[in-house]
Amino acid sequence: MVRERSEAVERRKDLSTDARGRGGTARSSEEALVMRVERRGSPVRVEARVNQQWEEHMTETKSYKISKQLVFKAWEQVRKNRGAPGIDGQSVEAFEEGLQDNLYKIWNRISSGSYVPPAVLLCDIPKSDGNVRTLGIPTVADRVAQMVVKMTLEPQVDPQFHQDSYGYRPKKSALQAVGVARQRCWQMNWVIDLDIKAFFDSIDHKLMMRAVRKHTTEGWVLLYIERWLKAPAQRPGEEPRKRTEGTPQGGVISPLLANIFLHHVYDCWMQRQFPDLPFERYADDLLVHCYTERQAGFVLEGIRRRLRQCGLEINSSKTRMVYCKDRLRKGDSKHVSFDFLGYEFRGRRTRSSRTGQIFAGFNPAISSKAKKAIREKIRSWQLSRRTPMSLEEVAAWINPSVRGWMNYYGAYCKSALQPLLRMLDFQLAKWAMRKFKRHHRRLVRALRWLSEVYRREPNLFAHHA
């Protein structure tokens, strides 16, 4: 009986999150009131009560005052975003199995100043031009820690950003940037389509930290941002290597750091040097509007020199000056179109919403690259082989993607999506031809049956809702 009781005590010790047995700082007995995680079925709940006396005591034993509620909110955001495992191979689901202990370790190390980021897993993603984009994937625990810093720093810096900075910001979107660019292309004749060469891999760490210090004096925020900048990178099966410049494209904190860097390098500089020329910036995708070709060339050279001073280079093969040619602007230029955020801007037939007349206007519509990516995605579904699925199951499976395409690319020149939607209809008809014997090798009959389904259930498929 005594031995059984002692074994039970040992098991309780193993399940405890007390850091004393793990080489960390001892936690108080009230900690369970602050960060108690309970499992009842699949949901995870957190006890919201905070013991004020314990919080006051925490400031005396920890180097930095960081609340456990903030750590848990960061975890909720990371869980919502999902993402692939990092270098340790731990998935979001595996992290959640030991959630209480994992979150306590993160809080304990961050608030004591002892958190050291692990290596970032490097992963190459093919690009449409044949090159690759290297992503840096942090571990799940590191993503939570980065989210804690982001949720602390972002409210301080975001109100200071330029109004025409749209990338990765609260209450800002890519569609807003496209809409503003559309209006300005009507008003001004020339656009500089600017591409920065390997931006995320070229950020100077000293300049980055100097920019961050302009926005915060929090010691622990500065400490961990500098550690993340210097965290080693590692490919599968290779040794970690040190990084002396750049920030991993794929980290939670990286988009915010990129915005801070370009806010000082580009946005503020443009306001000082060319206050009358509007621009749009979505992360490192930039447009500048000019009145004349000569002005555009002068501004482009100024930007080139400015970026070079800050350790960045313009990608000359992708940067160009574009003439906004339409029915009223009948001049000519080597470049009369450009791509921006998945949209192609060029002169195209447009119907006036006021008079109903058709004219040639300079407007955005889904780009050729985006069309190609959607076609490849539809083919990858292999709908004709999904015959074990019912029609309702097929609709539920493809609707999230189709709805996203409709909402984004259908915002401007929705008719440009029609060829892609017809392709999707043909793929669904091929599914019906293999699913039902009465439609076997009868494409026209399958298409008629599909039209009847759309008429009978208009909300079944997103592209016919």
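## Helix α6 against helix α7

Helix α6 (residues 99-112) packs on α7 at an angle of about 50°, and the axes lie 10 Å apart. Axes are lines fitted to C-alpha atoms, for helices over the stretch in contact; angles run from 0 to 180 degrees between N-to-C directions. α6 and α7 are therefore oblique to each other. Angles under 35 degrees count as roughly parallel, over 145 as roughly antiparallel, 65 to 115 as roughly perpendicular and the rest as oblique. The crossing of α6 and α7 is right-handed. A crossing is right-handed if the near helix is turned clockwise from the far one by less than a right angle, and left-handed if anticlockwise.

L103, I106 and I110 of α6 make the contact with A141, V144 and A145 of α7. Contact means heavy atoms within 4.5 Å. By class, this contact of α6 with α7 has six nonpolar, no polar and no charged residues. Ala, Val, Leu, Ile, Met, Phe, Trp, Tyr, Cys and Pro count as nonpolar; Asp, Glu, Lys and Arg as charged; the others, Gly among them, as polar.

## Basis of the model

This is a predicted model: local features need pLDDT of at least 70, side-chain atom pairs count only at pLDDT 80 or more, and totals for chains, interfaces and linings use all residues. Residues are numbered from 1 along each chain as its sequence is written, and side-chain values use heavy atoms, with hydrogens and water left out.

Helices (H or I, at least four residues) and strands (E, at least two) are DSSP runs, numbered from the N terminus.

## Helix α4 against helix α7

Helix α4 (residues 68-81) also packs on α7. Here the angle is about 120°, with the axes 8 Å apart. This crossing of α4 and α7 is right-handed.

From α4 come L70, V71, K73, A74, W75, Q77, V78 and N81. They meet V140, R143, V144, M147, V148, M151 and T152 in α7. The contact of α4 with α7 has 10 nonpolar, three polar and two charged residues.

## Helix α7 against helix α11

The axes of α7 (residues 140-157) and α11 (residues 219-230) come within 11 Å and cross at roughly 135°. That makes α7 oblique to α11. The crossing of α7 and α11 is left-handed.

In α7, the residues are D142, A145, Q146, V148, V149, T152 and L153. Their partners in α11 are W220, V221, Y224, I225 and W228. The contact of α7 with α11 divides into nine nonpolar, two polar and one charged.
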